[in-house]
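Here is my notebook from an afternoon of looking things up. Come along and check each entry against the view.

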Amino acid sequence: MRRWNGWGDDSFSLGLPRTGEDFLAARIGHSSALQDVTLASVCAKVPQSRLGQGRPAGIELTTDAETRVRHARGQSLPDWLAMRSGQIDCFPDAVAFPRSSSEVRELLAFASANSLHLIPYGGGTSVAGHINPLDLGHPVITVSMVAMNRLLDLDPASQVATFGAGTTGPQVESQLRAHGLTLGHFPQSFELSTIGGWVASRSSGQQSLRYGRTSPPPAPGPTCAS
Ligand SMILES: Cc1cc2nc3c(=O)[nH]c(=O)nc-3n(C[C@H](O)[C@H](O)[C@H](O)COP(=O)(O)OP(=O)(O)OC[C@H]3O[C@@H](n4cnc5c(N)ncnc54)[C@H](O)[C@@H]3O)c2cc1C
């Protein structure tokens, strides 16, 4: 399962090699790692959701504490320190999982009618605080695009592909590879980041010199279903 307070998967841990420890000790002295707080202890501190009884009909949405914790922070150093120390001051009030563009439009209309703030959430790999909710006096719904992860259209002649906005790097490449194609976009966050996040942040990758960096539509190249 995806690690809740850092990068990657729980099943994989990479310790600091002895040479690294010696290097640091020689420069800043010996130290011991701070104790991480547990996921359960952070979940216990999540306040009650401010979302009222009204819900957008037919759209998967949860106010479950663990899901809110898992969508509260990105992957910057301040985010990691907040998660590992448990000092998280604000959580989304709910997390929604739309399955189509029309469900996204319904969520937007619901938010507008009820004075809610929405935060689009792709892979949550932002290192700039983009996806962290702020306490601005309105309930916040984080909108996870995880269910919109498919190749929707591919024109073989122009090689323009349309994907669901929540399609991750590996999902993009595996679906294009079935047609003998590649997107050629390999940011270092490739495993977890998504088409929607790449477009919103104009992401660059290791092959950008060859294939170009991500540009928002209508620039030539694969486009993102909103
Ligand atoms: C280890 C690591 C390596 C990284 N390497 C690179 C790199 O090589 N190149 C690079 O450019 N960046 C890199 N990044 C930064 C980050 O991965 C990119 O900014 C990436 O594009 C974010 O994609 P995401 O799907 O995770 O978006 P998120 O972090 O979920 O969101 C980023 C922003 O996009 C918005 N957003 C997401 N989806 C949508 C949508 N469907 N519609 C509208 N807005 C949306 C969010 O609201 C937020 O403002 C790295 C980050 C980490 C942690």
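**Entry 1: strand S4 and its partners**

I began with Tyr121 and found that its bridge partner in S4 is Ser144. My ground rules come next: I number residues from 1 along each chain as its sequence is written. This is a predicted model, so I noted that local features need pLDDT of at least 70 and side-chain atom pairs count only at pLDDT 80 or more, while totals for chains, interfaces and linings use all residues.

I looked up the pairing of strand S3 (residues 117–121) with S4, and the two run in the parallel sense over five bridges. S2 also pairs with S4 in the parallel sense, over three bridges, and there Val95 has Thr142 as its bridge partner in S4. (Strands are DSSP runs of E with at least two residues, helices are runs of H or I with at least four, and both are numbered from the N terminus; two strands pair if DSSP finds at least two bridges between them.)

Are the residues of S4 buried or exposed? I found five of its five residues buried. Val140, Thr142 and Ser144 cover one side, and Ile141 and Val143 the other. (Buried is 20 or more other C-beta atoms within 10 Å of a residue's own, exposed is 12 or fewer, partly exposed is in between, and C-beta atoms are placed from the backbone.)

**Entry 2: the core**

I then looked up the largest nonpolar core, which has 18 residues; Ala96, Ile141, Val143, Met145 and Ile195 have the most contacts inside it. (Such a core is a set of buried Ala, Val, Leu, Ile, Met, Phe, Trp, Tyr and Cys residues joined through C-beta atoms within 7 Å.) Strands S2 (94–96), S4 (140–144) and S6 (160–164) and helix H7 (195–201) each give two or more residues to this core. Domain 1 (35–144) and domain 2 (151–225) both contribute, so the core lies between them. (The bounds come from an automatic or database domain assignment.)

**Entry 3: the ligand**

Which element supplies the largest share of the shell around the ligand? I found that H7 does, with five residues. In total 29 residues surround the ligand, and Gly122, Gly123, Ser189, Gly196 and Gly197 are the closest. (A residue is near if its C-beta atom, placed from the backbone, lies within 6 Å.) Both domain 1 and domain 2 give residues to this shell, so it lies between them.

**Entry 4: the end of H5**

Last, I checked Ala113, found in helix H5 (residues 101–113). Ala113 is exposed, with 10 other C-beta atoms within 10 Å. Just after H5, I noted that Ser115 takes a positive phi of about 55°.
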